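Open the model in your viewer and keep the selection panel at hand. The stops below go one selection at a time.

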Amino acid sequence: MNILKTLVGAAALLGSATLALADGHADFKPAVIFDLGGKFDRSFNQASFEGATRFSEEFDVEFREFEIQSDAQREQALRRFAEQGNNPIVVAGFAYGSAMETVAAEFPDTSFAIIDMVVDLPNVRSVVFNEHEGSFLVGMMAAMKSETGKVGFVGGMDIPLIRKFACGYVQGVKAANPDAEVFQNMTGTTGAAWNDPVKGGELAKGQMDQGADVVYHAAGGTGRGVLQAAADAGKLGIGVDSNQNYLHPGNVLTSMLKRVDVAVYNAFKDSMEGNFTAGFSVLGLAEDGVGYAVDENNETLISEDMMKAVEDAKAKIISGDIKVHNYMDDNSCPAS
Amino acid sequence: MKKSLPTWADVVLIPAINVFLAFFVAGLVVLFIGEDPIRAMGIMIQGSLGSSYGIGYTLFYATNFIFTGLAVAVAFHASIFNIGGEGQAGVAGVGVALVCLTVDQTHWLLALPLAIMGGAVFGAGWAAIPAWLQAKRGSHIVITTIMFNYIAAALIIYLLNNYLKVPGAMALETRGFAEGAQIPAMHEIASWFGASISRTPMNISFFLALLASFLVWLLIWRSRIGYEIRAFGFSEKAAVYAGIKPVKIIMIAMLLSGALAGLMAINTVMGSEKRLVLDSVLGAGFVGIAVALMGRSHPIGVILAALLFGVLYQGGAELAFEIPSIPSQMILTIQALVILFTGSLENMVRFPLEKLFLRLNRGTA
């Protein structure tokens, strides 16, 4: 009798769940808008595309997408999707900040999510990452792997966010080898700096000419050139945002993962299940929002000592024993 | 000299055939990537003219193109090819932003005329250097104005990065203008009359563009200086013989041209973005060349051509929304085909048509 009750109960529950799900499918229209650089940048935008795709495959829900061509289209794209009843609308990129402020206020019943930027409105979820923590770990790996004691960093657009990557990286390098030297370059001061692989490659070459043998990039599409240059010279690159180890197997030491895909996936999923929460969320090492990638393409590059030291540091950062300075707290970096 | 083509054929028939050809070839391109060209065309037209939302965006883009089209047209009447609309409008954006940032605590009725002056002065100023180099030194204006587009882009990046952007912020943009420098958007104007239309960036500067078109017509065809500009454009030697000073004409035509290009910043910087962003011109300076060519450098023609390009821009964006499998580069291709057919391949249609009309005339005579 008891068993029967449970079974019936479970069946009813299942039935209502599938019903709710089916209902959700009919008018659940999520949308994602990519930033300049396009959805196949192998990095930041691609991560958000993958998150949306994973959600779409798991729950069999179609999603709308748009690749902007210019800054002026940000507001148009947001408004266009909101007007057509798409909900939630997820955008990846700090540059959407002011467009989001305008449009989200116009559509208070639509849920929005923005990644890498904080927009303080009751229907907007702002997701930021502790990139400095992940960068700290790959910085340690770079310093331990380097034979010359010199490592490089190539940033995309020169903005506080990218300096935050650089600052975490330098702190990691110095933690593993206080005498190590770090060369830093930024690709440019405009959005074009996210998609300039040629210049990225040249900057990496310049750093390698000065003796760097591991180069980390935080430059979106520009980073393809950085990794290519490192591989061509037989040196090591470090990828960013997505797992880029596969791009040049054996020549990419690791990738600093920034789980933009998880942020997009969660925003879609929470909204579908009716659990969407607005507000400010920070994803760090503790939340698996950032991390480093080890797979079959780079496992031979990482020794057990390195692995142990990095895992140790990771645990200490999570527990608070190691404090990694966040550049954006005070717009300055204690290490250089 | 007797015209080989009747005016209606020159003004209506040739552009119509050109547009038709362009859409035909664009349709073939769409067909090649496996999409339905009729559906794509329908989306473009429905998306740009089918709702108050679409019309608003179409007219917003058209406003930009009217200004830059007029700019090219005025210079063209003096036989000067001003390729620098992009840079002039960009620098004018800085002028408009500086005015707006200064007076945005007042009222838009005060801010608008000041911003118009700011945009016109900065735009004309940026055109003045190539104009002077052409007038005094004979440096070819096509080369110098193209170069000045790049200098303008670099200058704006420098100013935004070092002086104008909000300290500590990541986006390359100034702070938003306060209430006092926000000109009425079209949906606000409509609500004054009790009508309700969708929110779009279209704003009061659309009427400014129409007014500018009328003033350009007055200037070129109904004023003494306009006569001198046209005479100079027809034949420099004859104009000089008639006592027209080339330096003066080149300077006046180019300053007017730069000022007109600069006025589009009212539409984008002051009207739509309400702040100075990095790329506020969006290629409108170059589209203006095609608009002026297609519009035969006449204000009415410029307005019509600007509307067509507004439809292309807004329709193209709709196409990207509705059929994501059509890549954005393909939309650029479609827009480029229209420019190609209306701008440079015009004679392909004109010569056969002229022959046809000659034969017809001979038949009737």
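The domain bounds used here come from an automatic or database domain assignment. The model itself is predicted.

**Stop 1: the two domains of chain A.** Colour chain A by domain. Domain 1 takes 2-130 + 261-283, and domain 2 takes 131-258 + 290-330.

**Stop 2: where the domains touch.** Select the contact between them. Domain 1 of chain A brings 14 residues to it, and domain 2 of chain A brings 18. Which helix gives the most to the domain 1 side? Helix 2 of chain A, residues 44-59, does, with three residues. By class, that side of domain 1 of chain A holds seven nonpolar, four polar and three charged residues.

**Stop 3: helix 9 of chain A.** Select residues 260-272 of chain A. This helix has 13 residues. From first C-alpha to last, helix 9 of chain A reaches 18 Å, close to the 18 Å expected at 1.5 Å a residue. Is helix 9 of chain A mostly covered or mostly uncovered? Mostly covered: 11 of its 13 residues are buried. Among them are Val260(A), Asp261(A), Tyr265(A), Asn266(A) and Phe268(A). Ser271(A) and Met272(A) are buried too. Now step past the end of the helix. Gly274(A) follows helix 9 of chain A, and its phi is positive, near 80 degrees.

**Stop 4: helix 2 against helix 9.** Two packed helices are described by the angle between their axes and the distance between the axes. Here the angle is about 35 degrees, and the axes of helix 2 and helix 9 of chain A are 7 Å apart. The crossing of these two helices of chain A is right-handed. Show side chains. From helix 2 of chain A, the contact residues include Phe44(A), Glu50(A), Arg54(A), Phe55(A) and Phe59(A). On the helix 9 side they include Asp261(A), Val264(A), Tyr265(A), Phe268(A) and Lys269(A). By class, the contact of helix 2 with helix 9 of chain A has 12 nonpolar, two polar and four charged residues.

**Stop 5: chain B against chain A.** Zoom out and select the contact between the chains. Chain B supplies 20 residues and chain A supplies 23. On the chain B side, two or more residues each come from helix 3 (52-77), helix 6 (141-164) and helix 13 (299-322) of chain B. The largest share, three residues, comes from helix 13 of chain B. Colour the chain B side by class to finish: 13 nonpolar, four polar and three charged residues.

Definitions and conventions:
Residues numbered from 1 in each chain as written. Chains lettered and ligands numbered in written order. Predicted model: local features only at pLDDT ≥ 70, side-chain atom pairs only at ≥ 80, totals over all residues. Contact = placed C-beta atoms within 7 Å. Helix = DSSP H or I, 4+ residues; strand = E, 2+ residues; numbered from the N terminus. Nonpolar A, V, L, I, M, F, W, Y, C, P; charged D, E, K, R; others polar. Expected span 1.5 Å × (residues − 1). Buried ≥ 20, exposed ≤ 12 C-beta atoms within 10 Å, placed from the backbone. Axes fitted to C-alpha atoms, helices over the stretch in contact; angles between N-to-C directions. Left-handed = near helix turned anticlockwise from the far one by under 90°.
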